[in-house]
Amino acid sequence: MKRESNRRAWFRLSLALALLTSGGLRAGAQGGSAAGAQAVLERNVRAHEEFLASDAMQGRGSGTLFELLAGQYVAAQLRQFGVEPAGDADATGQKTYIQIVDLTRPTFANAPTLTFGTGAAAQKWTHGQEILIARVSAVRATGALQKLGASQSPQPGAFVLLGADAVTDPRQLTALARTLWQKGAAAVLVAETPVWRQRWAAGGARLPQLPAASESAGDAGALVVLNSDAYKTIQQASDGTPLTLEGAPGAEQRSYTYNAVGVLRGSDPKLASEVVLLTAHMDHLGVAGVEGNQCRAANGDTICNGADDDASGVVAVLELARVLGAGRRPKRTVYFVTFGSEERGGFGAQYFLAHPPVPINQMIANLEFEMIGRPDPKVEQGTLWLTGYERSNLGAELAKQGARLVADPHPEQNFFQRSDNYALARRGVVAHTVSSFGLHPEYHQPGDDLAHLDIAHMTRAINSMVQPVIWLVNSDFKPAWVEGKKP
């Protein structure tokens with residue numbers, strides 16, 4: 001852990017919250033007119049980051065008290081900016097900004113197994129030994145083996161075996177698996193790689209997590225990593241060979257995550273029913289080594305601050321809320337949402353979609369802000385990129401309005417599918433992520449802290465989106481998917 005003691009960290013956190021509620025950290029207090037209040041200042045950006053990415057926040061682990069505290073910080077800021085609460089009601093029936101997401105889920109009582117073949121020739125492999133179950137959505141699933149070629153689609157209910165040269169990055173692989181599940185595959189089987197082998201001991205030491213009832217059914221499927229011997233065995237088998245993935249059910253596990261939700265009601269009688277969502281995720285990985293997360297201690301530092309991922313996006317949402325709240329009421333309705341548990345599977349966004357404040361067909365656009373805290377050397381200085389730029393006309397129209405937005409320069413990373421925007425896009429909302437992540441080595445490590453941020457770049461980045469967003473929430477332009485590019 002960092003040198004600051006827990007007692008001192010809690011003191012700093014309590015002091016910051018006290019200042020916040022008394023107005024001492026009022027980032028919107030610029031002085032002067034509403035027009036002057038529209039400038040995003042470096043001191044505001046730094047003030048938000050110094051709280052959200054501080055050691056006192058212990059890395060805002062998904063579903064933890066610190067994630068909730070981040071939500072309360074967002075709520076207090078939104079209230080100051082004149083944004084109405086749009087979360088759950090409290091005990092008195094008054095609306096709050098916080099949405100509580102119940103993640104009560106079934107569990108496995110012991111390590112599940114994958115059975116390959118039938119009768120005396122059947123082989124059984126166990127999670128943590130011959131296999132590693134990275135994702136699973138049911139206590140039991142059965143299907144027939146299908147070795148999938150590059151141009152093939154999965155058969156309904158198939159256990160798809162990908163080639164050994166398939167995507168190796170775990171997050172890219174999850175995105176690919178999700179696509180195959182949506183096309184009908186029951187499970188995706190892949191060969192181990194050095195990256196997966198590094199995670200084998202930690203991943204195998206804990207039981208796979210089953211989905212909660214509140215989670216999206218769109219991710220129904222399993223992702224199973226096979227060690228080299230198991231992969232060779234399945235590779236040599238014939239298509240149609242039966243497989244069963246199963247485990248004994250255990251007791252239910254109760255946990256929660258949190259969203260912060262605020263709204264500016266539209267002023268135009270015709271356009272007020274159309275909603276623009278400005279979003280980010282407020283959770284990160286917490287403390288290194290907790291429940292086997294990807295963050296590893298470095299030089300005695302175990303706090304995974306998440307200054308870029310994604311306190312930077314939360315700051316963008318807050319500053320845009322301040323600007324829009326200080327000016328003339330937008331014609332369209334604008335929701336400002338910071339999601340919980342994006343790092344654990346997008347649970348907050350899935351819950352928001354399952355309990356939408358307005359019908360989903362009224363949500364005309366979503367801009368998710370993620371990792372804008374540092375410039376990307378792959379694009380021109382001062383430029384941001386938009387995931388899935390080519391999929392809709394939204395990015396091009398925002399660029400016409402002055403947004404320094406270009407196409408994602410890292411298409412091989414599948415970033416369009418790796419943030420909360422994708423859950424909305426799959427429901428038809430024209431949803432993209434604004435970013436400038438240059439694949440820096442501090443990603444998901446303790447080094448993603450305030451010292452590694454470029455506050456000047458971050459301030460310019462948010463400022464560059466102010467006028468385009470003001471245009472979007474006041475125009476009658478309705479974004480649309482490009483033919484054949486809708487997820």
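Visitor: What makes helix α7 count as largely enclosed by the rest of the structure?
Guide: Count its residues. Of the 20 residues of α7, 18 are buried, so the helix is largely enclosed by the rest of the structure. Buried means under 20% relative accessible area. Keep in mind that this is a predicted model.

Visitor: What does the same test give for helix α11?
Guide: Helix α11 runs over residues 455–474. Its 20 residues should span 28 Å at 1.5 Å a residue. The end C-alpha atoms lie 29 Å apart, so the two values agree.

Visitor: Where does α11 bend?
Guide: At V466, by about 30°. A proline, P468, follows within four residues.

Visitor: Is α11 largely enclosed or largely open, and how do you know?
Guide: Largely enclosed. Of its 20 residues, 14 are buried, so the rest of the structure largely encloses α11.

Visitor: How much of the chain is buried?
Guide: Of its 487 residues, 56% count as buried. The chain has 11 helices and 19 strands.

Visitor: Which strands form the open sheet, and in what order?
Guide: There are eight, in the order β4-β3-β10-β6-β7-β8-β9-β5, and the pairing is mixed.

Visitor: Why are β4 and β5 said to stand at the edges?
Guide: Look for partners. β4 (123–126) and β5 (131–135) each have a single partner strand, so one side of each is left without a neighbour in the sheet. Across the sheet, neighbouring strands are turned by 25° against each other on average, direction ignored.

Visitor: Which helix packs on this sheet?
Guide: Helix α5, residues 194–205. It touches β5 and β9 (222–226), and its direction makes about 85° with that of β5.

Visitor: What makes β6 and β7 a pair?
Guide: Two strands pair if there are at least two bridges between them. β6 (residues 140–147) and β7 (residues 159–161) share three bridges, in the parallel sense. In one of these, K147 has L161 in β7 as its partner.

Visitor: How do β3 and its partners pair?
Guide: β3 and β4 pair in the antiparallel sense over four bridges. β3 and β10 also pair in the antiparallel sense over four bridges. F116 shows both sides: its bridge partner in β4 is Q123, and it stands opposite L243 in β10.

Visitor: What makes both faces of β3 count as covered?
Guide: Side chains in a regular strand alternate between the two faces of the sheet. In β3 (residues 113–116), T113 and T115 lie on one side, with L114 and F116 on the other. They are all buried, and both faces are covered.

Visitor: Which residue in the hairpin of β3 and β4 takes a positive phi?
Guide: G117, with a phi near 90°. The hairpin has six residues between the strands.

Visitor: Why is E246 called partly exposed?
Guide: Its relative accessible area is 28%. E246 belongs to strand β10, residues 242–246.

Visitor: Which residues does E246 touch, beyond those up to four places away in sequence?
Guide: P112, T113, V139 and R140. E246 and T126 are 120 residues apart in sequence, and 10.0 Å apart in space, C-alpha to C-alpha.

Note on methods: Residues are numbered from 1 along each chain as its sequence is written. This is a predicted model: local features need pLDDT of at least 70, side-chain atom pairs count only at pLDDT 80 or more; totals for chains, interfaces and linings use all residues. Side-chain values use heavy atoms; hydrogens and water are left out. Helices (H or I, at least four residues) and strands (E, at least two) are DSSP runs, numbered from the N terminus. The expected span of a helix is 1.5 Å times one less than its number of residues. The bend at a residue is the angle between axes fitted to the seven residues ending there and the seven starting there. Buried means under 20% relative accessible area, exposed over 50%, partly exposed in between (1.4 Å probe, protein chains only). Axes are lines fitted to C-alpha atoms, for helices over the stretch in contact, and angles run from 0 to 180 degrees between N-to-C directions. Contact means heavy atoms within 4.5 Å.
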